[in-house]
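Here is a short briefing on one protein model. Look over the sequence and the coordinates before reading on.

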Amino acid sequence: MLNGKCGYIDKTGKEVIPLQYDGVGGFSQGLAGVMLNGKCGYIDKTGKEMIPFRYDGAWDFSEGYAICLKGSQFVFVDTEGNEAVCPYNYVEDVYEGLAIVCMGDPEEDGKWGVISLTASSSESSVPATGTAYPSTQTVDVDGKAVEFRCYALKEGNGMTNYIKLRDLADILNGSAAQFEVGWSNGVTITTGQGYTKNGSEQKTPFSGERTYKEATAKTLVDGKAADLAAFTLTDDAGGGYTYYKLRDLGTALGFKVDWTAERGIFIETK
C-alpha cells in the first residue's frame, strides 16, 4: 500500500499492477477481487477488468464460484460474470460443489443447511412444465449490439435466459453462422443455409409470464439429433415458439458465445 492505494508486485518487488485500488485480495482461479471507488470487481493477473465493479463485497473464487454482495443480497458469481441470487442471510465458500448457508441470523436462531451448485447450465432438459418469465438480453453480435426478447426459467438460485430460435436465425442470416429453420417430425436446423423469414422474428404475440412446456420434439442439426434443452410457448391461436439456451446453440451450430467485462455477452460468427 502506498498513499492509501493498493496494487500488486512480483517476487522481486517490481510493480506489475498499478497501485490504484482501495483494497485488493489474493488471486484464485486466475482472478482477484479488488475495490475501486467503493465498489468491488475482479481483475486478471495483467490487471485487466474481467468482472465489473458492481459489488459491495467480493470474496475469492472456489470451484468456479465467488460469493459477492450486492447491497444486502448475496449472489454467486461464476468466472464469466454470470450471477445467481443466493436467497440466504449467510453463505460460506463452495467446497466439492456444496455451500453451507443460513436463513436468519447466523449468530442467533438461524436455520442452517447445505445447497448444491453442481448443476450445469448446459443440462439438456428442462422441467416438463412451469412458468417462463419475460426478459430482454443485449448481445454483441460481431460488434453490433442486438436486443433479444427472451424468456427466462428459474434454475437453481437464479434465472436462465432462453432465446427464440427464429430470432437468432434472423439475426445471424448472411453471416458465416447462418442457418435455416424448418419442421419435419421435429425442429430442423440446416447450417450454412440462408434463413427464410416467416414473420414471427423479433416479436412475440404474447407478453408477461407464460406457462411453458418442455419441447419434446427432436431438434435435428444437419439431419442429426442434437441434445439441446428447449421449451415451447404457445400463443392464443395455438402457434408454438421454441426457445433454446444461446450457449447450447453456439456449441451445436459452431459459433462462439462468450462474455467479457467490456463486451458483455457476445457472439462471434467468424
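Is Ala 237 buried or exposed? Ala 237 counts as exposed, because its relative accessibility is 76%. Here buried means under 20% relative accessible area, exposed means over 50%, and partly exposed lies in between, with a 1.4 Å probe and protein chains only.

This is a predicted model, in which local features need pLDDT of at least 70 and side-chain atom pairs count only at pLDDT 80 or more, while totals for chains, interfaces and linings use all residues. Residues are numbered from 1 along each chain as its sequence is written, and side-chain values use heavy atoms, leaving out hydrogens and water.

**Loops and backbone**

- Ala 237 sits in the loop between strand 22 (230-234) and strand 23. Helices (H or I, at least four residues) and strands (E, at least two) are DSSP runs, numbered from the N terminus.
- Ala 237 and Pro 205 are 32 residues apart in sequence, and their C-alpha atoms are 9.5 Å apart in space.
- Asp 142 is not a glycine, yet has a positive phi of about 50°. Asp 142 belongs to the loop between strand 14 and strand 15. With 40% relative accessibility, Asp 142 counts as partly exposed.
- Gln 202 is not a glycine either, and its phi is positive, about 60°. The loop between strand 18 and strand 19 (210-214) holds Gln 202. Gln 202 counts as partly exposed because its relative accessibility is 25%.

- Helix 1 (residues 165-172) is mostly covered, with six of its eight residues buried. They are Leu 165, Asp 167, Leu 168, Ala 169, Asp 170 and Leu 172.
- Gly 174 follows helix 1 and has a positive phi, near 90°.
- The buried residues in helix 2 include Leu 246, Asp 248, Leu 249, Gly 250 and Leu 253.

**Nonpolar cores**

- The largest nonpolar core has 26 residues, of which Leu 168, Phe 179, Phe 255 and Ile 267 touch the most other members. Such a core is a set of buried Ala, Val, Leu, Ile, Met, Phe, Trp, Tyr and Cys residues joined through side-chain atoms within 4.5 Å.
- Two or more residues of this core come from each of strand 14 (129-141), strand 15 (144-155), helix 1, strand 17, strand 18 (187-191) and helix 2 (246-253). Helix 1 gives the most, four residues.
- Another core lies apart from it, with 12 residues, among them Ala 132, Tyr 212, Tyr 241 and Tyr 243.
- Leaving aside neighbours within four places in sequence, Leu 168 is in contact with Phe 148, Ile 163, Phe 179, Leu 246, Leu 249, Phe 255 and Ile 267. Contact means heavy atoms within 4.5 Å.
- Phe 179 is found in strand 17. Phe 179 is buried, at a relative accessible area of 0%.
- Beyond neighbours within four places in sequence, the contacts of Phe 179 include Leu 165, Leu 168, Ala 169, Leu 172, Ile 189 and Leu 253.
- Phe 179 and Met 159 are 20 residues apart along the chain, and 27 Å separates their C-alpha atoms.

**Second largest pocket**

- The volume of the second largest pocket is about 310 Å³. A pocket is an open set of points on a 1 Å grid over the protein atoms alone, with protein on both sides within 12 Å along at least five of seven lines. A volume is the space filled by probe spheres set on the points, which are joined across faces, edges and corners.
- This pocket has 19 lining residues, of which Trp 183, Val 187, Gly 240, Tyr 241 and Thr 242 lie nearest its centre. Lining residues have an atom within 4 Å of a point.
- Helix 1, strand 17 (179-183) and strand 23 (240-244) are the elements that give two or more residues to the lining. Strand 23 supplies the largest share, four residues.

**Cysteines**

- The whole structure has zero disulfides, a disulfide being a pair of cysteine sulfur atoms within 2.5 Å.
- Cys 40 is in no disulfide, and the nearest cysteine sulfur, that of Cys 68, is 7.8 Å away. Cys 40 counts as buried, at 8% relative accessibility.
- Cys 102 counts as buried, at 0% relative accessibility.

Definitions and conventions
1 Å grid on protein atoms, 1.4 Å probe; cavity = no way out; pocket = protein on both sides within 12 Å on 5 of 7 lines; lining within 4 Å.
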